[in-house]
Amino acid sequence: MWSKVSSVFWVSAAILMVAVVFGVVSPDQFESATSNIESVITSGFGWYYLILVTVIVAFCVFLIFSPVGSIKLGKQDDKPEYSKPTWFAMLFSAGMGIGLVFWGAAEPISHFAIDPPTADPGTDAAIRESMRFTFFHWGIHAWSVYALVGLCLAYFNFRKGRPGLISATLSPILGKYAHSRLAMLIDIIAVVATVVGVATTLGFGAVQINGGLAYLLGIPISFSIQLIIIVVVTALFTMSAWSGLSKGIKYLSNTNMVLAAALLVLVFILGPSLFIMNMLTDTIGVYVQNIIAMSFRIAPLEPGQREWINGWTIFYWAWWISWSPFVGIFIARVSKGRTIREFMIGVLLLPVLVSFIWFAVFGTTAIDVQMSGAVDLTKFATEEVLFAIFNEMPLSAVLSVIAVLLIGIFFITSADSATFVLGMQASYGSLTPPNSVKLTWGFILAAMASILLYSGGLPALQNALIIAAFPFSMIMILMMISIYKALRQERRELGLQRRRRV
């Protein structure tokens, strides 16, 4: 089996294991080094992240209305492998998952009561800002990043017959260097970014599962407990990975959607339903009205606001970029046979709408609990906020149990999907990577998540994300140029420029 493994595996695994050893031996120095690098990137290149992600959004919207939208991601007679509900469930589980549960209540309450973008904490203006910027961070910008990478991979793999590698999407640019060491370097950067992005999210999941168990069972919140959670969940997702994509991830994704829908409906019914609907409606309008201003907001003359942008917006853009190789490869894998237009609409609009509904329900409920004065949510750690809210609602134990199960299954799904994607990248783009390779990546993911938590907790997770995303962001620029060049050529060949209907 190991004969099928490329040099990308050995080099990237070596880089990541060096980082793991560094984190074990010198956790303080590891945290300090990542913090310093993160500070340089956010202070010097915040403008770059904002412009890049906004350009990606514009490019994805352009493709929806372009004549090339009718081009199929595959051969003309290829049919989608999964039904639309299952396809959407797999997209959503891989693309957001733990993040929605972790930040669903915590981010709006932070923007409202702790550190609003510009307003005074606890005011009506802070409520409006909290929901608007939460929608902004989890809206079309996030999914456009995923969509670009996913489209490039699906197009070049299924339509052009090239391997499912990040470097293969740059073949129109690389030319004769498509199989050179430069291509290998590109794939190594993608693998490292994927591992750091997924490990960070698994760290978030372990922390919040610990928070939920603390509320339900009185288990203390500590690194040792989080390590045990990572070990247990790693064992579970390796079993799922062994069963294969069509079995493990498919069933887990559908289970996720059922649990997520149940939790969403229960909180909506038990929470301030009218307030939720009013906030959802109002915030969508304000979001659309201010999307351009928010997209380019860098606050060069307000140091305090700039710090907020670095800690939230730049962090999120880096998160989406670092996750994009993983999510992009995965959604490409499950999207064969769909047209570019169908792919873009499905990836951009449906998950965004569900994300808006999710944050409206959990964010508004959190704000309502805070305003009621029953409990001060600002005193709780980020991972405990959701369970503190449930404690103030009917059926609190039921809600907490569902939430812990949901986080756990999201944890398994994300790690399961990631081991497949990483195995694919390490075995020359094979759609059936060896199980031994997938299990090795599972171990590395668990080790990286543990080290990041050990060396600095949530701040270390955020620092690692921003650092890993920076080099891959440059590759995304090349991917955008490459897919545009290829689609323009195919548009000429097919005569699509003469079509008036989009």
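I call a residue buried when its relative accessible area is under 20%, exposed when the area is over 50%, and partly exposed in between, with a 1.4 Å probe and protein chains only.

**Basis.** I am working with a predicted model, in which local features need pLDDT of at least 70, side-chain atom pairs count only at pLDDT 80 or more, and totals for chains, interfaces and linings use all residues. Residues are numbered from 1 along each chain as its sequence is written, and side-chain values use heavy atoms, with hydrogens and water left out.

**Entry on H141.** I first looked up H141, which counts as buried because its relative accessibility is 1%. H141 belongs to helix α7 (residues 140-159); helices are DSSP runs of H or I with at least four residues, numbered from the N terminus. I then listed its contacts, meaning heavy atoms within 4.5 Å. Neighbours within four places in sequence aside, H141 touches V53, T54, V57, F136, Y287, I291, S295 and W317.

**Entry on helix α1.** Which residues of α1 are buried? They are V8, F9, S12, A13, L16, V20 and G23. These residues lie on the same side of α1 because they cover an arc of only 100 degrees around the axis, the arc being that of the directions from the helix axis to the C-beta atoms. On the face turned away from this buried side I found the exposed residues V18 and V25.

**Entry on rings.** I counted rings of Phe, Tyr and Trp (its six-membered ring) as paired if their centres lie within 6.5 Å; planes under 30 degrees apart are stacked, over 60 edge-to-face, and the rest tilted. The count comes to 33 aromatic pairs. One of them joins F9 and W441 edge-to-face, with 5.2 Å centre to centre and 80 degrees between the planes. F9 lies in α1 and W441 in helix α17 (residues 435-494), so this pair ties together parts 432 residues apart in sequence. F9 is buried at 2% relative accessible area, and W441 is buried at 0%.

**Entry on cysteines.** I searched for disulfides, that is, pairs of cysteine sulfur atoms within 2.5 Å, and the count was zero.

Conventions:
Helices (H or I, at least four residues) and strands (E, at least two) are DSSP runs, numbered from the N terminus.
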